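Try each task before reading its solution.

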Amino acid sequence: GGRLDIYVTVPVLHVVQARLAYVAAEGELKQPFKDELPTRQAQLSTLQDTEEFDVLVVGGGATGSGCALDAVTRNLKTALVERNDFSSGTSSRSTKLIHGGVRYLQKAIMKLDYEQYMMVKEALHERSNLLDIAPHLSAPLPIMLPVYKWWQLPYYWAGIKMYDLVAGGQCLKSSYVLSKNKALELFPMLKKDKLVGAIVYYDGQHNDARMNLAIALTAARHGAAIANYTEVVHLLKKTDAGTGKEKVCGARCRDVITGNEFDVRAKCVINATGPFTDSLRKMDDGKNTNICQPSAGVHIVIPGYYSPDNMGLLDPATSDGRVIFFLPWEKMTIAGTTDTPTDITAHPIPREEDINFILNEVRNYLSPDVEVRRGDVLAAWSGIRPLVTDPNSKDTQSICRNHIVNVSDSGLVTIAGGKWTTYRSMAEETLDAAVAAHRLGGGPSKTVGLVLEGGQDWSPTLYIRLVQDYGLENEVAQHLAATYGGKAFDVAKMARVTGKRWPIVGNRLVSEFPYIESEVRYAVKEYACTAIDVIARRTRLGFLNVQAADEALPRIVDIMGKMLDWSDKKRTEELEAAKKFLYLEMGYRSRSEQLTGTTEITLDTQEVANSVLIDRYTNRFHKFDKDSKGFITTVDVQRVLQNISVQIDENALHEILNEVDLNKNGQVELNEFLQLMSAVKKGQVSDSRLAILMKTAEESLDLRGPVTVDRSGGGV
């Protein structure tokens, strides 16, 4: 018994000591904006009016925001500028995992690579810290590794156990082996044939864009001047009196929204621009060679029923050697990622071949009973990994995901490479280098254990108080608690009364998602400047379902327009820009092409031969097109629905028809309807509301039939 006590109390003591250290670290820090964040305009004024900052960070992704937070908590006067929105690049387009990297550990062991081993060890430490400092945005997730060959079981088991071992005291939960039956019980969609068992291990999962925003807002609360939509036009330089060399001393910046230009002076400039690292390095010195080799990672979102609520899946060896994750996230399922060389762009577009590659890999692992349909892809996106080039590597997969910190002759500090999980340690290393190179002072880093925005007042039961105190729906309250943590009360206070018996407050933006209108109002306080900021990063609607996001846009633009005093012209521009973003960057184009002639969706010969099928679809169409016009409109659909006592809002009906109206003439022709039914049958389109509505209406009409006389006792 005594020995057992020793084993139990040592880790507990370690945790208590760590907690006390965290408290001490936070106790030293001032929070000048604890109650209310400065507005974006106030932040821009600070950037312009401050004579000189200690540190100017360029880039508002995870690493840049991490650098700003590390700098400001060292009591350095800190500024951060981002030319788009915080987390608008790679940091919002990740696999949503906080992980050490199982495959990097495998490479470390197979190649006896100590550097890779240390990278995994560091990432596992950072994983533990991130789960601690943002408990509302992150949580451990069990991930299953199915095994289909007996010899692989001990091989994978040894590798996963090594992963636990490297994590040491920061292991989230021990991995375990499952029998075939137990694996199928936990993951019933799994392919049964040849399955011999499975191994389950634990990693962390988070809401990446919200996590990035939490880091940036925490920096702002501690006094950093941060501004999105502020781009660097060129670097400022001055001649060093001692050496005669030119030194970077700030940047000429431009407010992208107003076009206003101003100088921000700083003792040190940090380049944390991710895939755009080389463009800023060349701004410093045109002769600099590229150190960044970009790689595209595509992810798709499919309905939540494809995976269990709390169990992910790892395919360790796909058809081309890449690793595919299959994870539950925000009540949907994420599948990805690809790894292909790409050009650097601010607007990466998911390619159809990448979407189909992921779908094919998913089919390999799921039971034949589960039909994996192209039409089930609700959203798709591409993120650009800023890999550090290794001249000896043959392809992007073999590049080490490690990072480099470089100080140029002119004093520009560049942080490049790395991965989401290690953003904090990368920022610490960057600031250590900056402090040393520019003699900034400020002491050591204080970010280990520093709780992020919303984490301080969060508890697993916080959502119950939201339901009880404000009359929010249970699902909405859980979402707010998991998105804003302790700040969820501020969002709830801004929610308007619904006028219904329940919920009392909180009008949803779209019925099937728990996002409410007051989140749009709160988003403006969180520096959202465009409708895209709201659908992509303040809420995650654009990443979860492009059609739902498209549906919510007019209301979002209306709310933002009132708050930011947008003209009618500006509102139209915002709506169009957001629709273009969904169409190109969130996979709406690929989705809509499943319904157009460009992908040659026509009835195939087998279907044409089956005239019964054609007749059935045509008859269904004519039940709506009573006047034999050759097309149907909302009026036709309304009339049939009234016959079966179903009521649908006219605006909703317009949207339903618009999804299928390929030539956008306000009506659905017979050939458009036949194309739709063909696409539905082939699985290229899965959730057409018109197809389901017409099928249901037809069945209801058929069921009704004529009423016989004997039902009323002979008509008396």
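**Exercise 1. Find the handedness with which α15 passes α18, then describe the packing of the two helices.**

Step 1. The crossing of α15 over α18 is right-handed, a term for a near helix turned clockwise from the far one by less than a right angle, with anticlockwise being left-handed.

Step 2. Locate the pair: α15 covers residues 517-525 and α18 covers residues 546-564. Helices here are DSSP runs of H or I with at least four residues, strands are E runs of at least two, and both are numbered from the N terminus.

Step 3. Axes are lines fitted to C-alpha atoms, for helices over the stretch in contact, with angles from 0 to 180 degrees between N-to-C directions.

Step 4. α15 and α18 are therefore oblique to each other, since under 35 degrees counts as roughly parallel, over 145 as roughly antiparallel, 65 to 115 as roughly perpendicular and the rest as oblique.

Step 5. On the α15 side, E517, V520, R521 and V524 make the contact; their partners in α18 are R555, I556, I559, M560, M563 and L564. Contact means heavy atoms within 4.5 Å.

Step 6. Sorting the residues of this contact gives seven nonpolar, no polar and three charged. Ala, Val, Leu, Ile, Met, Phe, Trp, Tyr, Cys and Pro count as nonpolar, Asp, Glu, Lys and Arg as charged, and the others, Gly among them, as polar.

A note on the model: it is predicted, with local features needing pLDDT of at least 70 and side-chain atom pairs pLDDT 80 or more, while totals for chains, interfaces and linings use all residues. Residues are numbered from 1 along each chain as its sequence is written, and side-chain values use heavy atoms, without hydrogens or water.

**Exercise 2. Which residues of α13 are buried?**

Step 1. In α13 (residues 474-484), the buried ones are V476, A477, H479, L480, A481, T483 and Y484. Buried means under 20% relative accessible area, exposed over 50% and partly exposed in between (1.4 Å probe, protein chains only).

Step 2. These buried residues pack against α8, α12, α14, α15 and α16.

Step 3. Just after α13 comes G485, with a positive phi of about 60 degrees.

**Exercise 3. Is K194 buried or exposed?**

Step 1. K194 sits in the loop between α7 and β6.

Step 2. Its relative accessible area is 71%, so K194 is exposed.

Step 3. Leaving out residues up to four places away in sequence, K194 touches V147 and Y148.
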